[in-house]
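Subject: Structure handover

Hello,

Here is the structure I said I would pass on. My notes on it follow below.

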2 protein chains.
Amino acid sequence: MVDIATRVWNHKWKIDPIVRSLIDTDFYKLLMCQSVFRNHPDTTVTFSLINRTTDIRLANLIDEGELREQLDHIRSLSLTRGESTWMRGNTFYGKRQMFTPEFMDWFENLRLPPYQLDKRDGQYELTFEGKWPEVMLWEIPALAVLMELRGRAVLRDMGRFELQVLYARAMTKLWEKVERLRTLPGLKIADFGTRRRHSFLWQDWAVQAMLEGLGEAFTGTSNCLIAKNRDLEAIGTNAHELPMVYAALARDDAELAAAPYDVLSDWHEEHEGNLRIILPDTFGTGPFLANAPDWLTKWTGIRIDSGDPAEGAETAIRWWTDRGEDPREKLVIFSDGLDVEKIEELHARFSGRVKVSFGWGTLLTNDFRGLAENDALAPFSLVCKAVAAEGRPTVKLSDNPRKAMGPASEIERYKRVFGVGEQVEREVVV
Amino acid sequence: MVDIATRVWNHKWKIDPIVRSLIDTDFYKLLMCQSVFRNHPDTTVTFSLINRTTDIRLANLIDEGELREQLDHIRSLSLTRGESTWMRGNTFYGKRQMFTPEFMDWFENLRLPPYQLDKRDGQYELTFEGKWPEVMLWEIPALAVLMELRGRAVLRDMGRFELQVLYARAMTKLWEKVERLRTLPGLKIADFGTRRRHSFLWQDWAVQAMLEGLGEAFTGTSNCLIAKNRDLEAIGTNAHELPMVYAALARDDAELAAAPYDVLSDWHEEHEGNLRIILPDTFGTGPFLANAPDWLTKWTGIRIDSGDPAEGAETAIRWWTDRGEDPREKLVIFSDGLDVEKIEELHARFSGRVKVSFGWGTLLTNDFRGLAENDALAPFSLVCKAVAAEGRPTVKLSDNPRKAMGPASEIERYKRVFGVGEQVEREVVV
């Protein structure tokens, strides 16, 4: 029996929106947004799209009109009553009123600011310039829109049957990963895959697969909308954009050297417990930890997001041990380019030595490798970064020089100020 | 949006019928039925269910009430106007009016006769006794009902998500088979999997997969309802029940020896071309061919349904060659327990030497091996056979003694009359 009402409803959609909610974003964006709203509400920041997989010519794959429709649709979104209720009333990491009434009042009235879209060399130049707490909210939906539009461009040419087989294969592939993971004792793993997901529906399915297959081992999702809809824990802490912008705002080398710790000092005042997670690699993990103030050693844990993950964790363990902390009480969150093999390896190596946790991203929510002709659905390395603050360029060194960004002269200056020496290049998977 | 009408409609179903049409059956059943209707309309025959996989205790797995509901539902079916139109108007193997007006008049008014259901030793004893053209139509739906009810008993305990993963895996598995088959040049293959299918919907999906993946290489389906709905060729010729019943009716050894040829003589008068396919193994392929009349060598081909298939085909090739026929003009249809490896092997060995064709059954429409706990969805060897005619037991020797049936003394007599010597036992897969 045909459901005529649904068919007619579907016809009415001008576009099938990719992002349908302001909270279809990572939880840490909202946490950071609140911190920025309090500490730097008027700082002007520029976010920019960067496709690190240059041989994927996005401007040739994705129709500009469609892209504009999707971005314009996001600009029409505002927080719904139910979303606001969830943010105001929910418990995050056991704490109520994580979001202040002042922040919520502001967020409830927010529309995302304008974007700037151009094409160059087969790529889109997509830029968001404005007040930091506003433009920063573009990052995740902009990435999700580009990833999904690229996927849709490939899916459009596939028949109904091909599509069914495609998703059957993707489901089988993902479920086999879940079945491998469920054998790991004491595993703790969360979904971190919003930004480079295949699609919203697919991320939602992946989250259900994790929940069904892993039970307690699945600790939650970084996606607020899915967390709300599926009654799950929203997961996340903070990201590189905070130290990058703080550093760009520094007026001299001394302020620059202090910037990464200023970020965490602000954070320290606002958050406790599981939200006190150090992200040490923005300007090199080694120097960051060596120069860290003692109060940082009391933080709950560390997130390893670039470089050799085992090496990063060993560095953190040595650091805690040297500073008189017991690493077994500390949390290490791995979140860089994970897949099952790497998770198994790190779990085996570090379980018992520290509390291990995994933030599984792209290869959870977008492992369509090998499933379409010419691998046209394989995920790729797309980022959207704060590239300037108050007109000054930002810099990221990372523990992998291939993830570094910023003008060469500034990179050199940062390396000197932070004391970063030779770094080992590693392939950027996703 | 919930389609309330569909939900309410679903609630109204007392049972979700497994067999919803009298033509949800093998095409050859209808062909044979017409032949029997013409030549033996009043012969009393008994069909009986035989579960060759005795460790699957069907009576413990399947609720008797549910089984009766399904069988009773089949008894309520009659040919619909559209089904009658399809049978009367369709072209089968290029021939119009394959079914005579007399047969169609009878078939349009047919309801299936009563069944007899008992339990013994954890198995169902399901018997159909009556006029041959009526009871013979029970075989396929009875098997489909038992196979699907056994599957449903397993599926009932699975969650919604588990079910989705199960079918994703089954689809992936089947599609990988299709992808292997599509590399075989000049392949000709049909669906023969109605009787032991996982379910009607799954068979329908499998047919679509074959159509989508193999194109011209997929020659059709034995299932008339699916052939009608999907606008495909209905495929099939004749089966063991004809020689078995003819043989049981023989009054002495001379008539017995002639019975298999009498069957084909009746068939010869009714059909030509692709419907003239010899099924030689009922009482042993070797003696059957050795004693065959010359007009049989002119038939289009042979179907190999037991024993070593390569050996069966070599025997046929030698036979045609010895009788002055060119094997390259002859069709060999393999239809016994096929899966991809066997199809590849036989295709490689016989392509070019004969016209090769495959009738792919259970491992096309029910390969759920390894997909459920304790392999509870793996197909098993269930048959429904004519066991008696006019009160006399039937016998089947087959080229595999494990597929033999009938009273021991009669088997000995048949072996003597047909001159069957030592036979090699082969595992019965499905």
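How much area is buried between chain B and chain A, and what share of it do carbon and sulfur atoms give? The buried area is about 1800 Å², and carbon and sulfur atoms account for 66% of it. Please keep in mind that this is a predicted model.

The interface

In terms of contacts, 21 residues of chain B meet 21 residues of chain A. Two salt bridges are counted between the chains. One salt bridge pairs Arg169(A) with Glu179(B), with 2.5 Å between the closest N and O atoms. Nine residue pairs, both members at pLDDT 80 or more, are in polar contact across the interface of chain B and chain A.

On the side of chain B that touches chain A, at least two residues each come from helix 1 (4–12), helix 9 (160–181) and helix 10 (200–214) of chain B. Helix 9 of chain B has the largest share, with eleven residues. Sorted by class, that side of chain B is made up of eleven nonpolar, four polar and six charged residues.

Strands

In chain A there is an open sheet of six strands with parallel pairing, in the order 5-4-9-8-7-6. Its edge strands are strand 5 (218–221) and strand 6 (277–278) of chain A, each of which pairs on one side only. Within chain A, strand 8 (residues 331–334) and strand 9 (residues 355–360) run parallel and are joined by four bridges. Ile333(A) is placed opposite Ser357(A) of strand 9 in chain A.

In chain B, strand 4 (residues 116–120) and strand 5 (residues 123–131) run antiparallel, with five bridges joining them. These two strands of chain B form a hairpin with two residues between them. Asp121(B), in the turn, has a positive phi of about 55 degrees. Across the pair, Asp118(B) stands opposite Glu125(B) in strand 5 of chain B.

Regards

Conventions: Residues numbered from 1 in each chain as written. Chains lettered and ligands numbered in written order. Predicted model: local features only at pLDDT ≥ 70, side-chain atom pairs only at ≥ 80, totals over all residues. Heavy atoms only, no water. Contact = heavy atoms within 4.5 Å. Buried area = accessible area lost by both parts, 1.4 Å probe. Salt bridge = Lys/Arg side-chain N within 4 Å of Asp/Glu carboxyl O. Polar contact = N/O pair within 3.5 Å; in protein donor to acceptor, adjacent residues only side chain to side chain. Nonpolar A, V, L, I, M, F, W, Y, C, P; charged D, E, K, R; others polar. Pairing = 2+ DSSP bridges.
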